[in-house]
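Please look through the model below before reading the notes. The points that follow take up a few local features, one at a time.

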Amino acid sequence: MSYVDEVLERVIAKNPAEPEFHQAVKEVLNSLRPVIEANEEKYRKEALLERLTEPDRQFKFRVPWVDDQGQVQVNTGYRVQFNNAIGPYKGGLRLHPSVNLGIIKFLGFEQIFKNSLTGLPIGGGKGGSDFDPKGKSDREVMAFCQSFMTELCKYIGADTDVPAGDIGTGAREIGYMFGQYKKIRGVYEGVLTGKGLSYGGSLARTEATGYGLLYLTEEMMKCNGHEMKDKIVCISGSGNVAIYATQKAQQMGAKVVTVSDSTGWVYDPEGIDVALLKEVKEVKRARLTEYAAARPSAQYHEGRGVWSVKCDIALPCATQNELLIDDAKELVANGCIAVAEGANMPTTLEATEYLQQNKVLFAPGKAANAGGVATSALEMSQNSERLSWSFEEVDSKLKNIMVNIFHNLDDAAKRYGKEGDYVAGANIAGFEKVAEAVIAQGVI
Ligand code: NDP
C-alpha cells in the first residue's frame, strides 16, 4: 500500500467521528501524491505525514455564561494548534452551532497550507465554539466572549498563537475578546487580528480578500495571455468579499454584471454600481431587491442563476458548494476563461474537475482568497513594530503577496508535470515549505 493510503487509513481509524477532517486530509494528500511518491522513502522514515495530520495539541473547554433571563448557559470552546513549523499558529475563531472538533480540525489542517502559501511566517490553527451569536443581545455576546477568552487566554499570545475572526466572529466579538485578554494577562499585544482601527487593526483589512482575489486573478490571466480590461465578470454573493472584488475588478477596467444574496440575484448589464451596492448591503443591511429598485438597468431574479449569465470570468464569493456541475457546464458553454474562488470551497469537486478538463483557468480558494489571512499577518507585523502603515503600503504589500502566491503555485504545478493545474500547485507549494521546516527542526 502506498504511504499516502496508509496514512489516510490511519487518520480515519484514529479519528472515527470526524468526517470533515477525513475529507480535508484526503483531498490534500491525494493532490500531493506526486510529491510524496517522489520522496516516499524519506517521508516515511520521517513519519512526515503522521506528524502533519496529528495536531501539535488541541484544547476543548467549558464556556459558561449567563443569558438575559439570568439563566446559565454552557457552550463548548475549542482551539486546535495544528502546526507551527513556519510561524505562530494562526487561524480564525468560528462561532456557529455546527462547530465540533472535527470541523475545527478540518479547518486547522487546511489553514497550515493556506498560510504557508502566503509566504509569510504563520503556522496553522483554528478554534471556535458551538455558540450562536445570531439573535443574542450585545450583553449576551460580551458575556460569552469574556468567558471564552478567560480560558483561551492561557494558550495564546502574540508569539505563540494569534486567532482571528471567522463565521460569527466579527469586529464586535474580536473587541470583547481582546479586552478580556488584556484584562486577564495585563499585556497590550497583538494577540488577535481583525481588530478595530482604534486599537491596533490594519488599514485595508476590510478590502483585503476581495482585492487580493483580483490581484491573483489578474496575474493568472496575464500569464495565460489575457488582460482584465473589458472582461465581463460574474460575481456571486454581496458580502465583504463580493463587494471589494467588484470594486477592484472595475478599477482594473472589467465590467461586473452580477451579484447575489441568499434569496436572489441581480443582473446589471451596465455594470454593478458599487456605491449603491455598499449603501444597500453595508449601511442599510437590506436585500438586493432594494438595489434593483434604485437602479433602472438592473434586473432582479429570485433564487440562483448567476452562472447562467455569459461571462469571461466567474468569481464565486458567497458560500460553500454554490457552483455545481450544471453551472460549470453552462460557464464552459458560454466561453468562460477563468474561475477564481473568493469563498471557501464554493465549487464542488465535480464542477472543479469539469472546468479543469475544459481548460478553464481555475484558482482554488486556498490561494485566491488568501489575501485576508495575509493582511492579518501584516496586522501582526504592524503590532510588533508598534506602527501603523498607510492604506497604500498595506495594499501594495498585499498585491505583491498575491502575485507571488500565483507564481509559487504555477511553478510547483510545472515542477511536477501538472502545468496549469493550480489546485495541485497550491497544495504542493504550501506543503513543500512546511515539510522542509518540519524535517529541519528534528523530531519534536
Ligand atoms: P459575508 O457574510 O459578508 O457575505 C456572504 C454573502 O454570501 C452574502 O451576500 C450572503 O447573502 C451570500 N450567501 C450566503 N449564503 C448564500 C447562498 N446559499 N446562496 C447565495 N448567496 C449566499 O461573508 P464574506 O464575504 O466575508 O465571506 C464569503 C466567503 O468568503 C465565505 O466562504 C468565507 O469563508 C470566505 N472568506 C472570507 C474572507 C474574509 O476576509 N471575509 C477570507 C477568506 C475567505 P445574505 O446576505 O443573504 O446572507
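Which residues does Asn 427 touch, not counting residues up to four places away in sequence?

1. Asn 427 touches Glu 27, Val 28, Ser 31, Leu 32 and Lys 366, where contact means heavy atoms within 4.5 Å. The residue sits in helix H18. With a relative accessible area of 5%, Asn 427 is buried (buried is under 20% relative accessible area, exposed is over 50%, partly exposed is in between, with a 1.4 Å probe and protein chains only).

2. A note on the source: this is a predicted model, in which local features need pLDDT of at least 70 and side-chain atom pairs count only at pLDDT 80 or more, while totals for chains, interfaces and linings use all residues. Residues are numbered from 1 along each chain as its sequence is written, and side-chain values use heavy atoms, with hydrogens and water left out.

3. Helices (H or I, at least four residues) and strands (E, at least two) are DSSP runs, numbered from the N terminus.

4. Which residues of H14 are buried? They are Ala 351, Thr 352 and Leu 355. These residues lie on the same side of H14, because they cover an arc of only 100° around the axis (the arc is that of the directions from the helix axis to the C-beta atoms). On the other side of H14, Leu 349, Glu 350 and Gln 357 are exposed. Just after H14, Lys 359 has a positive phi of about 65°.

5. Helix H7 (residues 138–152) packs against helix H8 (residues 171–185) at an angle of about 45°, and their axes are 8 Å apart. Axes are lines fitted to C-alpha atoms, for helices over the stretch in contact, and angles run from 0 to 180 degrees between N-to-C directions. H7 is therefore oblique to H8 (under 35 degrees is roughly parallel, over 145 roughly antiparallel, 65 to 115 roughly perpendicular, and the rest oblique). Residues making the contact include Val 141, Met 142 and Cys 145 of H7, and Tyr 176, Met 177 and Gln 180 of H8.

6. Lys 60 touches Thr 76, Gly 77 and Tyr 78, not counting residues up to four places away in sequence. The C-alpha atoms of Lys 60 and Ser 129 are separated by 9.4 Å, although the two are 69 residues apart along the chain.
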